[in-house]
Amino acid sequence: MMGFWAVFAELRRHPSAMVGLVIIFLLLVMSIYAVIRIPYSEAVRLWRAGEVVWLENPRNAAPKWYNWFGAGLPETIKIETAAAERTEERVGESTKRVTYRLAFDFPYKRFPQELALFFTSTYTTVPPQLVLSWRTPDGREIPLGTRTVRGVERYVLSGDSTLLRRLGRAPEESLFSDPKNPEQALSGRYELVMDVYTFEPGASLSAKFIVYGRVYGWAGTDHLRRDLSIGLLWGAPIAVAFGFTAAVGIALIQFILSGIGAWFGGALDILIDRLTELRMILPLLPILILVGMLWSRSIWVILATLLMYGSIGGYKTYRAMFLQAREAPYIEAAKAYGAGNFRIVFRYLLPRLIPVLIPSFVLAIPDYVFLEASLAVLGIGDPILPTWGKIINDAYSMGAHFKGLYYWLLEPAALLMITGLGFAMIGFTLDRIFNPRLRSL
Amino acid sequence: MPENNVLLSVKDLHTWYELRKFGFIRVGYVRALDGVSFDLRYGEALTIVGESGSGKTTLLKTILGLVPPTKGVLEFAGKKVDASNLLWLRRQVGYVQQDPYGALPPFMNVRRILLEPMVINKVGRPAEREARIREVLEEVRLVPVDDFLPKFPHMLSGGQQQRLVIARALVLNPKLIVADEPVSMLDASVRVEILDLMRRVQKAHNLGVIYITHDLSTVRYFSERVFIMYAAKVVEKADVRGIVHNPLHPYARALLSAIPDPDHENAHRFKDVPPGEPPSLVKPPEGCRFHPRCTQKILGLCDREVPPEFEPSPNHFVSCWLYR
Amino acid sequence: MAERSISAKETVRDQPNASQFLLNVSNLRLYFKTTKGVVQAVDNVSFSLGRRRSLAVLGESGCGKTSLARAILRLLPRNIHTFSGEIVLDGVDLMKLDEERFRREIRWRKLSFVPQAAMNALNPVLRVGYQVAEPLIVHFGLDRDEAFKRAEEVARVVGLPVDFLNRYAFELSGGMRQRAIIAMALITRPELIILDEPTSALDVLTQANIMNSLKKIKQEFDVTYILITHDIATSSELADEVLVMYAGQLVEHSPAARFYKTPAHPYAQKLMASVPTLREDKTLEFIPGQPPSLINPPKGCRFAQRCPYRFERCAEDPPAFSLDGGGVARCWLLAR
C-alpha cells in the first residue's frame, strides 16, 4: 500500500498532475483569502444587499484590465466636498454661501457612464439650497440648475430628464463632449462648482460627486453594481466546499454501504441493492425542484438532498469489487484468529479498496461543482449565495451575451472549467497510479 | 491437560453446506465432510492427504471453528466445541494458509499484522504485546527484527511472507496449528526451509500440527502419521512408512503410483491410474465412494454397503471391504 | 569433464547435420523495459533440440523460462528493450519473419502453445467443440463439419469424451478443460508444442492421467514437446532432455537419463536435492539466499553467490562446457 508521501512522489512524475495540484492550491488560497477577508455573513449581506451598498460602483462595468488592451474606458472618479477647494461668504444675516469647486482630471476619450451627486445636509427647519454649474477644460460654463437638499439625497445628473432636455443630449455626454469632435470626450480638467446656501447657523451640506467609469476592479460589475470579484472570490470556497463535501460524503457512504452489504450478504445485500435500483429511476432534478419549492432553496438543503440521493448509488460497482475482495485468504485468516464482523469490514475489507475509492472521489468533485453551478444557472440553486453558477445565471438572464458584456459570462465559466480541470487532472493521474496494482485484486 | 493426553478429538464429524437457489430455497446439501473420527495428541503431527473435493479443506475449517459442524462431536483440550465457544476455539488454533501473499493484508505492516490477533483477543498489555512480536519474529528467523517491523508484505520474498504467516499463527500461543498446503506456492528450494521451520517450531513448543496437502511426497518430511481422504471420508490411516511401502486402499495405491519421483524411467512407462473423477458430494455413490473407479471392487458389496474401518496390521487402518 | 572448453555456439556448428535439429536457438536475448530498469529476462541462451526429443525447461520462478517460451512464440508484451538472436525452426529463422507471416505460417501450424492456467483460457461463451475446431477453420479454411470431425478425432486422442465437445467450458472439470486446451494445441498437427505448467493446478490423479495422454500423443504423433515447469518430478514423465535456467541464463542442458541421476551444474544439483521424494528417504537441502535481480545482474557466474563450490574463476562468466554423455553446463568446475 502506498503511503501518502509515496503517492506524492509518484504524482510529481506526471506533469498534468502537477498542473492540477497548482490549480487546486491556488483555489485553496483563494478560498481561504475569501473567507478571511470577507466572512460568510458579510459576504451574504453584501451580495443580497442590492443597490444600496453598491451605489458607488458603476453598473455593468468591465474589468480594469480591458484597458490594457487599449480599450480606453474611463475609470470611476470620485470627488468630495471635504477635499475640494472651498470658499465661504456671508450673504445676509443667517445666510451663508459656501462655494465648492470640485475639480478633477478626465483624461479619457470615452464618455463616463453616469454622473451622480450624493448629498448629506444638516439643518433644523430650512434646508440648504445649492446652485450647480459646470466648467469644461476649454473654458465653457454650463449651468446645471438649482436644488434643495433635504437630508440624505442622491441626485443622478445623467438621469435628469430636465437637464437632458435643456442640454439636448444625455448629460454625461453633453457635459463632456468635445465641440470639435462631438462623439468623443474632451480630456482635461473639469470643475463642478457648487454654491451652497445655508439659512441657519449650524446647517451644512456635504456632497460627493461621482463620475462613473466603465471599468471597475479585476472582474467588473454586474447589473446591480456588485463587484464581481467578490462574487467570484466567494464562489471558490463554495464550489470547493460543496464539491468536496458532496463527493467525499457520497463516495464514503456508498463505499461503506457496499462493503457492509457485500460482507453480510443475504437479505441486507438484496435490500440495499433494490433500494439502489429504486433510486436509479428517481430523477434528481425534479426532486431538487420540489425540495426547493416546498421547503428551502438554501445550499445546505441542496447539499443534504444530494447526499441522501447520491449515497444510495454506485452500489453495484463497489459491491462487485468487494465480493471479490472478501474471498481473499487474509480475510479468512482474520476470521480464524477471532476477528468479528465489523472489525473485518472496517479494518480488513474496506482498506483493501481504498485505492479505488480515492481516484473516484477526486474525479467526482468536479461533477458536483458543475452540478451546483448548473442548478444555479437553471435558477433552482441557492438564491442568495454568491456562487459562480449564480453569476452565470444573472448574466444570462440579463442578456449579457447580447449586450457584449462577455466578461460577465466568461469569468465564472473560466473559473468553473479551471477548477474542473484541476481536479480531473489529479484524479486521472491518481487513477493511473493506483490502478495497475488493482489488477491483482 | 486431560489424562489421555488428547488435544483434539473428532467423533463422527459431519459438515454439510446448504445449497440454496435464489438465496433461500433449499435444494440439497453438499456433504463436504461425511463421518470422520480420529484423535490427535498434544505435540503430535498429522498429515491429511487428499485431492480437491476430498473434504480436507472442510475438515480444516471445522477444526478452526470457521464452519460449525452439522453432526458429530468435536472436542478440544477436553472441552466440547459447539456454537457457543467457537471464538474460544479460534484462539487456540493457529492457521497457516497456502498463499503467503494473499494471507497477509497488504496495507498492514509486519508489526501490525502480528499485533492484530492480540488486539482482537485482548491479550496482554501493550509492552507485553511488543515483546511477544519480537519473540515470535525471532523464532521464525525474520531477523534483524527491527528491519522487518515496518515492512509491508509486498516487500518480502515468498519465503519470508510464509514465515510471517507462521509467526502470526504462533503469536497467541496456540496448542494446535493447522496448515493448508503451506509450501505449494513456494519455490522448490524455499519449501525445504519452511518445512524445516515448521518441524522445528512444532518440536520446540510441543504443538499439535495438522498439515493438509495433496502432495504425498512431502509427507515424510513432516509428520509420522498420515490420513488419506477421499470424497469426504477418511479411507486409510497409517504411519508414513506404512503408507509408502504398503498402501492398502485402492485409492491410496493409485495415489502412490501417480506420484512421480524424478526418474527418467517415468518417460517410458504409462502410469496405472484409475480413470474418472472424484464423485459429486451432493449425491455421493452408495456404499464405498470409490467403487465407481475401483478395479478391485466386489460387486454386491462395495456398491451397497459403506465399509467400516479395519485394522489389518497394527496401527494401520483402512476402510475397504477387501480387508474384511 | 570436458577436454577443452567450448562455447555453446561451437557446439551447434560442430554437429554434423545441423538440419536434423528441429529447433536451433542461438544467442537469444530478451530484455524488457520497466520503470525500474532493464530486465534481462533471457540472456544469451543457445540450445538445439532434435526431432522427437522432448525438452523440459526447469527453473524456479523468475528464472526466465516463461519468457523463453514467449520469445519462441513471439507472444511478447510491448515494452521490449532487446529481442535478438536466432530461432531456427525446421530450417526457417523465426526472427526474420514479420508478424503477419509468423501468424499465418508458424503459430498454430508448426508451433503451438498450452499456456499456464490454461483452464481459464477457454472462452466461456463458446462451446468447447467450436474452440477446439477453430484453429482448423481459421488457418486451413476447413468448413465447420470437416473441422468438427477432426476435433472429435483429436478429442479421442487426448482422452476427452466426445460428447463433452458440445458443452460449455464451465460445465467441464479442471482436468477436462485442460484436455480441451491440449486438443486445441494438437489439432493442427504442429511439430512443436510448448506447454507451460500444464498440470500444476490439477489433482495428482488427474495429472497422471493427462501425462499418460501426453505420452500417448508423443508416441503416436510426430510431435516434440517443450515442457516448462518448476515441478521437477513431473517433468521426468515427458523429458528426453532437460534444460535448466537460472537468473535468465542457461546453466545446464543434458539428456534426461543422465540429468535426473547426476546433474552437472551445482544449481541443478541443489535443486534436485531440494525435491522431496516419496520412495527414497533422503535429507532435503535448501539453497540459502535468493536469485539475483535481473535488472542489474552480477558479473560473472550468476549462481556464484549461493554456490558452495565457488572459487576465484567464478568472477568470470563461464562458457558452456560439454559433458560426457552429451549436453553442456556452464560452470568453471567443468573446465579441465
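These exercises, each with a worked solution, concern selected parts of the predicted model shown above.

In this model, local features need pLDDT of at least 70 and side-chain atom pairs count only at pLDDT 80 or more, while totals for chains, interfaces and linings use all residues. Residues are numbered from 1 along each chain as its sequence is written, chains are lettered from A in the order in which they are written, and side-chain values use heavy atoms, leaving out hydrogens and water.

**Exercise 1.** Work out in what order the strands of the open sheet in chain A are arranged, and which stand at its edges.

*Solution.* Begin with the terms: strands are DSSP runs (E, at least two residues) and helices likewise (H or I, at least four), numbered from the N terminus, and two strands pair if DSSP finds at least two bridges between them. On this basis five strands of chain A form an open sheet in the order β2-β3-β10-β5-β6, with antiparallel pairing. Next, β2 (85–90) and β6 (141–148) of chain A each have a single partner strand, so one side of each is left without a neighbour in the sheet. Finally, take one pair in detail: seven bridges join β5 (residues 129–135) of chain A to β6(A), and Leu132(A) has Gly145(A) as its bridge partner in β6(A).

**Exercise 2.** Determine which residues of helix α9 in chain A are buried, and what they pack against.

*Solution.* Buried means under 20% relative accessible area, exposed over 50%, and partly exposed in between (1.4 Å probe, protein chains only). In α9 (residues 284–294) of chain A, the buried residues are Leu284(A), Leu288(A), Val291(A) and Gly292(A). They cover an arc of only 100° around the axis, taken from the directions from the helix axis to the C-beta atoms, which puts them on the same side of α9(A). The face turned away from this buried side carries the exposed residues Met293(A) and Leu294(A). The buried residues pack against α10 (299–311) and α14 (354–378) of chain A, where contact means heavy atoms within 4.5 Å.

**Exercise 3.** Describe how chain C meets chain B, in residues and in area.

*Solution.* By contact, 42 residues of chain C meet 39 residues of chain B. The two chains bury about 3700 Å² between them, 56% of it on carbon and sulfur atoms; buried area is the accessible area (1.4 Å probe) that two parts lose on being put together, summed over both. Within chain C, Leu205(C), Leu278(C) and Arg279(C) lose the most area to chain B, together 21% of what that side buries.
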